[in-house]
Amino acid sequence: MSQDKQPTTITAYLRPIDRDGLLAFAKRGRDNPDRQGTNVVHTVCEGQYRTLSYVGDHDPVVVDEPQHLFGQDTAPAPGEIALSGLGGCLAVGITAVATFRNVRLSRLELRIEGDVGNTAAWGAGGAPREPFQMGFQAIRVSVDLEGDATREELEEIVRQANYFSPVANSMRNPIPMDVSLF
């Protein structure tokens, strides 16, 4: 390279969301803070532990268990799907907060780990356990985030997205739940 030419750095940014649409959505939330939506999933068991969950017009989400838990290991386990929902929700929140703050992102990756207990064997003769002793006992999320902002600004974006994440808050807080035959 000749001395008069300087190397150029090209940063590719992630595909942005519609900022005006985001701001209009936020205004609707401020205008009616108690408004709620409803997510609907129809799950069908094929046999063993393999299930197909239908959401809207999308291909089904396939869930299975690994062979050491008597599944066929054809798809992620239920807990892995739950963690992927958390990762997706946090990514949505990080993208929304960054967009709101006019920060362009060039990298957004999350690594999610969850320590899960199932010594009760789903209630099929395992250890006697109380509900709080089962399921995820700890969840760790590491975020690899780059964009046209300082590290402190990126940390604040992640903090705010985590604080307001519907899925993260669903995992952190008890939820009234009814499970019954229909």
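Reply: In this predicted model, the part to start from is helix H2, residues 78-100, which contributes three residues to the lining of the second largest pocket, the most of any element. That pocket holds about 240 Å³ of space. Its lining comprises 13 residues, and those closest to the centre are Leu14, Pro16, Thr99, Val103 and Leu105. Sorted by class, the lining has seven nonpolar residues, along with three polar and three charged ones.

Next come the helices that pack against H2. Two packed helices are described by the angle between their axes and the distance between the axes.

For H2 and helix H3, residues 151-164, the angle is about 125° and the axes are 8 Å apart. The two helices are therefore oblique to each other, since the roughly perpendicular class covers 65 to 115 degrees and the roughly antiparallel class needs over 145. The crossing of H2 past H3 is right-handed. On the H2 side, the contact is made by Leu90, Gly93, Ile94, Val97 and Ala98, and on the H3 side by Ile157, Val158, Gln160, Ala161 and Asn162.

H1 supplies Arg19, Leu22 and Leu23 to the contact, while H2 supplies Ala96, Thr99 and Phe100. By class, the contact of H1 with H2 has four nonpolar residues, one polar and one charged.

Thr99 links the two topics: this residue is part of the contact between H1 and H2, and Thr99 is also among the lining residues closest to the centre of the second largest pocket.

Notes:
Residues are numbered from 1 along each chain as its sequence is written. This is a predicted model: local features need pLDDT of at least 70, side-chain atom pairs count only at pLDDT 80 or more; totals for chains, interfaces and linings use all residues. Side-chain values use heavy atoms; hydrogens and water are left out. On a 1 Å grid over the protein atoms alone, a cavity is a set of points where a 1.4 Å probe fits but cannot get out, and a pocket is an open set with protein on both sides within 12 Å along at least five of seven lines; lining residues have an atom within 4 Å of a point. Grid points are joined across faces, edges and corners, and a volume is the space filled by probe spheres set on the points. Helices (H or I, at least four residues) and strands (E, at least two) are DSSP runs, numbered from the N terminus. Ala, Val, Leu, Ile, Met, Phe, Trp, Tyr, Cys and Pro count as nonpolar, Asp, Glu, Lys and Arg as charged, and the others, Gly among them, as polar. Axes are lines fitted to C-alpha atoms, for helices over the stretch in contact, and angles run from 0 to 180 degrees between N-to-C directions. Angles under 35 degrees count as roughly parallel, over 145 as roughly antiparallel, 65 to 115 as roughly perpendicular and the rest as oblique. A crossing is left-handed if the near helix is turned anticlockwise from the far one by less than a right angle, and right-handed if clockwise. Contact means heavy atoms within 4.5 Å.
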